[in-house]
Amino acid sequence: MAESTIESNNASAATAAAGAENWVKKVEDQEISNMVDGLKLEKGNGLVGAQTDDPSTTSSVVGNGTGAVTAAVPTPAAPTGEEEIENANPADASLLMKIIRKGLVESKLDLEVQRRDPTSPLHSVKSFEALHLKPELLQGVYAMGFNAPSKIQETALPTLLADPPQNMIAQSQSGTGKTAAFVLAMLSRVDTTKNYPQVLCLSPTYELAIQTGEVAAKMSKFCHDVKLRYAVRGEELAKGAKITDHIIIGTPGKLLDWGLKFRAFDLRKITVFVLDEADVMIATQGHQDQCIRIHKLLPPTCQMMFFSATYEKDVMEFAEYIVPKPIVIRLAREQESLDNIKQYYVRCKDQNEKYQAISNIYGVITVGQAIIFCHTRRTASWLSGKLSKDGHSVAVLSGELTVEQRLAVLDRFRAGMEKVLITTNVLSRGIDVEQVTIVVNFDLPMFQDGRADCETYLHRIGRTGRFGKNGIAINLVDSEHSMKICKTIESHFQKKIQLLDAENSDEIEKIGS
Ligand SMILES: Nc1ncnc2c1ncn2[C@@H]1O[C@H](COP(=O)(O)OP(=O)(O)OP(=O)(O)O)[C@@H](O)[C@H]1O
């Protein structure tokens, strides 16, 4: 394995911008201060105030002014909290991130490269020209609007394109340009004088395979001789047919069928094998075994490329099994932090009081935009039903929606058409809606067995350097158990979560000043 480690020579953060950043921070602090002032807490009038006599009805909304309902309306019974906590499916989450991402995620972090041979100089390129790509491929890259390689591309591509071919394991967070890197390598390696499959690219799901195929089609727009083929559900082969396309992009089951069962192509003639989204792949039942079966049938000279957004132990074990003698490239994930976040908790007796707390702060949270997290779909729909009945326009994003519907919800929210988004853990990672200033945990994040889920808390509340603005987190606590979770989270991150009620209103008003 790796014998040496070199760091790329990226300059550290520019100091020239520091003055401007301080100024920006002051303005943001002031915004938060104004928002919290807007809470207008008075002694003896905490957040959880004025209940109607009948707990099954809701009353008008405090301090909102945007369509409060005056008549009491019946509301659905509060959820019992006994349903399954809704969590993100890794393949769906990955697809959603891919589709909603508007462009390249540029990380300030350093890239780590582990080389097999410490004497070989590992170079990186700053331009696509320096890669000596086929002219029609270069044309395709520019037509896609790529001016220069991203960090992972500038380091990976010279190695991926070098002769003799070298194996690679590359890990870099979603959106940093991995797909474009391996697609360029795949397209460069094809010999169009030979009419049989030479490149296999494995994706965990139908949708992810299509995404990769679309990148390959765009990039090869001017390479008229290169032929691509999908091996995914719905694609069928005539009996006895032989595949003549150069590149096959597909899911493991279908590829195994075509290569092994139908012998529609010769796995021994494959020269490039790409395993994409390896972390999602191994999270999908049965895929790991199928990948290994395909891999066993490939020739030892086949160049192996392995891409993953994470670098956990199980992913790396899988990587090292599939990819002999690799060059390893890692771009550390930008970590979220709670540094710019003021955290509070509000004591409530039950779900209805939690709702009341939201109602009472509604006017404040909608100064910017807010995301409210619930455990279950049922709670999310109950809460949105109640808020809607009270005349608020809210968006809901939970697991029963299709990817297209989720995108539509996020697009509307991003455009500011709704100020509040109610969701479950389907959205705990990668919220990159910059204008979100308040995150409310209607339910504190916990595992199915009831333990505090600190990592999810960080993903919901935290910000990365890119989205490093200030924010407020409000945790609604309605039982001794949720209080315990709140305390666990507090001690885990060693960051105070303050009680938000009339008693500390003076202190609250000082926030950010
Ligand atoms: N060199 C580049 N210049 C400009 N944009 C780029 C470049 N490389 C990739 N992009 C764009 O950046 C976005 C993310 O790239 P890409 O999908 O390749 O990332 P990824 O790391 O493969 O993400 P994932 O882990 O989700 O597969 C895409 O919209 C892509 O078109």
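The sections below take these topics in turn.

## Basis of the model

The model is predicted: local features need pLDDT of at least 70, side-chain atom pairs count only at pLDDT 80 or more, and totals for chains, interfaces and linings use all residues. Residues are numbered from 1 along each chain as its sequence is written.

## Ligand shell

The ligand is surrounded by 19 residues, and the closest are F146, S174, G177, K178 and T179. Two or more residues each come from α2 (90–100) and α5 (178–189). Helices (H or I, at least four residues) and strands (E, at least two) are DSSP runs, numbered from the N terminus.

By class, the shell has six nonpolar, 10 polar and three charged residues. Ala, Val, Leu, Ile, Met, Phe, Trp, Tyr, Cys and Pro count as nonpolar, Asp, Glu, Lys and Arg as charged, and the others, Gly among them, as polar.

## Annotated domain

An unreviewed UniProt entry lists residues 159–329 as "domain: Helicase ATP-binding"; such annotations may be inferred rather than shown by experiment. This stretch is 38% helix and 18% strand, with its end C-alpha atoms 11 Å apart.

## Packing of α5 on α6

The axes of α5 and α6 (residues 206–219) lie 10 Å apart at an angle of about 55 degrees. Axes are lines fitted to C-alpha atoms over the stretch in contact, and angles run from 0 to 180 degrees between N-to-C directions.

The contact (C-beta atoms, placed from the backbone, within 7 Å) involves T179, A180, V183, L184, M186 and L187 of α5 and T212, V215, A216 and M219 of α6. These residues comprise eight nonpolar, two polar and no charged.

Technical notes: Near = placed C-beta within 6 Å. Contact = placed C-beta atoms within 7 Å.
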